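Here is a short briefing on one protein chain. Please look over the sequence and the model before reading on.

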Amino acid sequence: MSIPDQRVIIPADSREALDFAKGVRRRPDAGARRTWDRPVVRVLGGLLLPVLIIVSWQVATTSGFVEPYRLPAPATVFLAGVELAENGQLWTHIAISVQRVLLGFAIGSVVGLAAAGLVGLSRLGDVLLSPTLAAVRAVPSLAWVPLLILWMQIGEESKVTLIAIGAFFPVYTTVASALRHVDPHLVEAGRSFSLHGWSLFRTVQLPAVVPSVVSGLRLALAQAWLFLVAAELIASSMGLGFLLTDSQSTGRVDRILLSIVLLALLGTITNGILVLVEKYLLRRWA
């Protein structure tokens, strides 16, 4: 007489729960995760879509599907960059735009962190500042241009200020929200060890919001590049935004595309630098 099979089939989630209760921790797909995290794999994977876009672009222009005066070939855009580089204009445009973005980003981020600290750590600051800052945030970027020209004329100050306004709000909103939602049990535990004020912020609250701070900075940097073009519409004679508008007036579509590609590359490079900073900060604080 055969004994009936009394084995119980445990669902995957339940099996993981039992393993956890026994102190056994599984690491599913660890090998696959390590493979996708390799720098070479990430770089090659990230280049795949741009290469496909360039190939499609080349095919569309050489096959006659799109007229060259509407969409020049990639080689034409490259030659336009070489032409500007040989006479020195390209490097001047890039240097001026990068300088404006970095200055505006730095100023806007510092002010944004200070405002986020006031709003996120103080109920009084939240009541007094939040409604006004929410209203100012809703103002479109181009709406500031006439006012900044009136107040600061057409010099560098007006352009850097507009970029700083763009960088301010991502840092402010992200960090203020993170500070308001720090686990109160962590704060109480810190106070039980006689931590108050700056020591409590440095030891407990700051490590808890480091990921949000870095996310806010990355959003602010992307916003700074977006506001750059609007800033360089303020009677500018240099910069990639000026190159865009000047090329539009002269009908140089190849230079328009060159400006767009350069803005994308510079934004990617600066974002990559922040990614390295993020890894360092997360190892140091988080």
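Val66 counts as buried, because its relative accessibility is 19% and the cut-off for buried is under 20%. This residue is found in the loop between α3 and α4. The model is a predicted one.

**Val66 and its contacts**
- Leaving aside residues up to four places away in sequence, Val66 touches Ala60, Thr61 and Leu71.
- Helix α3, on one side of the loop that holds Val66, spans residues 39-62.

**Fold and surface**
- The protein chain has 12 helices and 0 strands.
- Along the sequence, the pattern reads α-α-α-α-α-α-α-α-α-α-α-α.
- The chain holds 286 residues, and 35% of them count as buried.
- Take the contacts between residues at least 6 apart in sequence: 71% of these join residues at least 24 apart.

**Helix pair α5 and α6**
- Helix α5 covers residues 89-121, and helix α6 covers residues 123-137.
- Their axes come within 5 Å and cross at roughly 120 degrees.
- On the α5 side, the contact is made by Leu118, Val119 and Leu121.
- On the α6 side, Arg123, Gly125, Asp126, Leu129 and Ser130 take part.
- By class, the residues of the contact of α5 with α6 are 4 nonpolar, 2 polar and 2 charged.

**Largest pocket**
- The volume of the largest pocket is about 1,200 Å³.
- The lining of this pocket counts 32 residues. Closest to the centre are Gly46, Leu47, Pro50, Leu265 and Thr268.
- Which helix gives the largest share of the lining? Helix α12 does, with 13 residues.
- The lining divides into 22 nonpolar, 5 polar and 5 charged residues.

**In brief**

Key: Residues are numbered from 1 along each chain as its sequence is written. This is a predicted model: local features need pLDDT of at least 70, side-chain atom pairs count only at pLDDT 80 or more; totals for chains, interfaces and linings use all residues. Side-chain values use heavy atoms; hydrogens and water are left out. On a 1 Å grid over the protein atoms alone, a cavity is a set of points where a 1.4 Å probe fits but cannot get out, and a pocket is an open set with protein on both sides within 12 Å along at least five of seven lines; lining residues have an atom within 4 Å of a point. Grid points are joined across faces, edges and corners, and a volume is the space filled by probe spheres set on the points. Helices (H or I, at least four residues) and strands (E, at least two) are DSSP runs, numbered from the N terminus. Ala, Val, Leu, Ile, Met, Phe, Trp, Tyr, Cys and Pro count as nonpolar, Asp, Glu, Lys and Arg as charged, and the others, Gly among them, as polar. Buried means under 20% relative accessible area, exposed over 50%, partly exposed in between (1.4 Å probe, protein chains only). Contact means heavy atoms within 4.5 Å. Axes are lines fitted to C-alpha atoms, for helices over the stretch in contact, and angles run from 0 to 180 degrees between N-to-C directions.
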